[in-house]
Amino acid sequence: MINTKNIGQFFSSHLNNFRHSLAYIDALPQLTLLGLVVGLLTGAIIVAFRYIIDTPLAFLIADSPDNFESLVIADRVLFIFSGLFAIAVLLKFAGKKYGETSVAHVLDRLHNHQGKLPFGNWLVQFAGAAIALISGQSVGREGPVVHLGAGAASQLGQWLRLPNNSMHTLIGCGVAAAISASFDTPMAGVIFAMEVIVMEYTIVGFVPVILASVMGTMMSQAAFGDSGGLLVGTSDMNSLMELPYMMIVGLAISVCASVYIRLNIFALKFNKASIYLRLLAAGLITCCVAAFIPQIMGLGYDTVNAALAGKLAVASLLIIAAAKLFVTPIVIGLGIPGGVIGPLLVIGACVGGAMGLALQTFVPSLETNPGFYVIVGMTGMMAATLNAPLAALVAVLELSYNPNMIFPAMLVIVVACVSTRQFFKLNCIFIQQLKYSGRDLDFGPARQALRRAGVRSIMDTRFVTCSQLISEEAVIKKLESKPMWFIFDSEHQKIGLRAADLAAAINQQQEEPEEPDNNSIEPPLIDLLEIAGRRVNLLPIHDTANLVEAMEAIKNSGTGALYVSRTYSPLTSDVYGVVTMEAIENYYQPKEFKHAVG
């Protein structure tokens with residue numbers, strides 16, 4: 001018969017060893033394996049998410065799922081308010097605790113909560129975004145899929161009880177796979193995850209994220225083919241004389257990006273109001289505008305394709321851009337669980353297309369290609385609003401398959417990003433949202449370095465446990481293993497005593513023997529609290545914690561050290577290692593400095 005108990009112990013032992021290896025900063029093979037798993041899991045989720053949205057829309061709307069323009073006004077209003085009613089019911093059952101979604105929520109949980117994304121918020125994001133997109137709200141798909149990918153990776157990490165230092169890379173894998181599965185852009189998925197979410201570039205982080213992105217794209221292409229929904233065609237800049245005009249385009253894009261961010265922050269000021277009133281206001285705003293400009297409804301990729309094909313006049317492009325620029329940031333700020341990336345591409349495409357047509361009209365000798373300006377407008381708007389220049393550039397490069405776009409798009413990106421940051425004093429929209437809500441992110445180099453390692457990687461396992469009262473013979477026997485610490489309990493508090501100090505005290509007692517007590521049968525016991533030595537109160541910390549958590553725990557408690565305990569055991573369980581502030585400092589200290597001071 002198969003011994004299931006032995007099999008369970010075998011897998012438990014190997015899983016524990018796997019967790020331990022992830023605590024180290026160079027756990028590239030282990031993280032790569034996790035990247036593969038996360039990529040497949042996230043790709044499957046995003047495929048399901050897209051099917052849930054596209055299937056009912058294909059049944060309800062003629063020609064294409066995004067063709068809300070074909071609906072009469074009454075049907076548009078019905079779509080919008082039916083969706084808002086369903087979202088209100090969803091948020092009512094979810095409660096305020098699980099109502100927060102979006103990329104800003106992911107950033108906050110990743111950088112301030114060790115990557116622990118609650119499953120309840122994930123479910124609300126999945127259902128809420130699906131309802132919003134099916135009902136034609138003026139929101140995007142890519143923001144929700146970032147949350148879905150990050151949440152799936154986080155849940156996997158929490159289920160496996162992986163160290164917190166590995167959660168950053170794991171969530172980066174989920175985000176990259178989600179973006180690549182949604183857009184069919186594997187390179188842009190990787191860059192977006194590293195540039196906007198993880199906010200650092202390391203080889204150990206890059207390789208797993210790349211693999212996850214490839215898996216996400218593979219799942220998407222297997223389900224939908226090789227089209228990401230945007231038919232970005234090839235177009236080039238016909239003359240270097242257009243370069244000065246590119247700078248003007250960049251400035252115009254920066255104005256649009258700043259208006260978008262400020263309108264979104266303005267709408268966030270109403271968050272204290274009832275969610276039902278906010279949803280009602282969002283519905284009224286959307287209906288009033290969509291009655292005359294239905295292009296604002298849904299993803300808007302059909303509008304982008306029409307602009308690329310030259311089917312829209314300057315006036316139409318400007319009207320659609322203004323309407324989308326006004327409605328989307330406000331309704332998202334009021335509580336619609338949708339994304340910002342898709343609408344940014346629509347706004348940028350319309351503004352860029354209008355400026356391209358204007359140049360073609362006033363300077364016909366340049367033989368301007370308006371479709372070219374549609375693409376650079378998309379690139380600049382995404383880069384300036386998200387503060388993600390490289391991700392935007394790579395995304396448009398992958399969608400256009402045209403390397404000739406790189407040079408002019410880079411110029412537009414530089415002007416748009418610099419103007420948004422310097423003239424309008426605005427950062428990434430997600431960072432601005434967190435700042436408004438009082439949740440700043442700390443990206444200091446020390447914090448980033450300490451976040452990449454777990455407590456298991458530096459904990460001192462040279463310790464022995466004993467009782468507070470111990471015989472001299474027992475002490476001598478335990479010292480044979482050359483421990484650094486003697487750990488004992490005193491009044492429900494773990495105390496750490498330096499083994500060297502205890503050994504010195506024992507040697508001193510042996511050199512100065514006391515008069516024997518003839519009435520005593522047992523040899524006298526040593527009270528470790530009375531030994532003249534260095535003692536610290538040891539507070540518990542989970543073995544999944546990273547070095548940032550350990551440093552903050554030591555700082556906040558005022559103690560000198562921590563003891564590491566398993567996450568799946570009570571915090572009063574056996575000690576698995578000791579972490580001191582000195583060990584944390586030695587980990588972060590650069591090698592060059594260590595060599596310089598000898």
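**Why these labels?**

Colleague: What makes Asp501 count as buried?
Modeller: Its relative accessibility is 16%, and buried means under 20% relative accessible area, with exposed over 50% and partly exposed in between (1.4 Å probe, protein chains only). So 16% lands under the 20% limit, and Asp501 counts as buried.

Colleague: And what is the background here?
Modeller: This is a predicted model, in which local features need pLDDT of at least 70 and side-chain atom pairs count only at pLDDT 80 or more, while totals for chains, interfaces and linings use all residues. Residues are numbered from 1 along each chain as its sequence is written, and side-chain values use heavy atoms, leaving out hydrogens and water.

Colleague: Why is the contact of Asp501 with Arg534 called a salt bridge?
Modeller: A salt bridge needs a side-chain nitrogen of Lys or Arg within 4 Å of a carboxyl oxygen of Asp or Glu. Here N to O is 3.0 Å, so the pair passes. Asp501 sits in helix H21 (residues 499-511) and Arg534 in the loop between strand E5 (525-527) and E6, 33 residues apart. Those labels are DSSP runs, with helices (H or I) of at least four residues and strands (E) of at least two, numbered from the N terminus.

Colleague: How many salt bridges turn up in the whole structure?
Modeller: The search finds 8. One of them joins Arg456 and Asp543, with the closest N and O atoms 2.6 Å apart. Arg456 is in the loop between H19 and strand E1 (463-465), Asp543 in the loop between E6 and H22, 87 residues apart.

Colleague: Are Arg456 and Asp543 buried or exposed?
Modeller: Both are buried: Arg456 has 8% relative accessibility and Asp543 has 4%.

Colleague: What about Asp108 and Arg439?
Modeller: They form a salt bridge too, closest N and O atoms 3.2 Å apart. They are 331 residues apart, Asp108 in helix H4 (residues 103-112) and Arg439 in the loop between helix H18 (429-436) and helix H19 (445-451). Asp108 is at 5%, so buried, whereas Arg439 at 24% is partly exposed. Glu100 joins these two in a network of salt bridges.

Colleague: How do you know that E4 and E6 pair?
Modeller: Pairing requires DSSP to find at least two bridges between two strands. E4 (residues 493-498) and E6 (residues 535-542) have 4, in the antiparallel sense, so they qualify. Lys494 has Leu538 in E6 as its bridge partner.

Colleague: In which sense do E6 and E7 pair?
Modeller: Parallel, over 5 bridges, with E7 covering residues 561-565.
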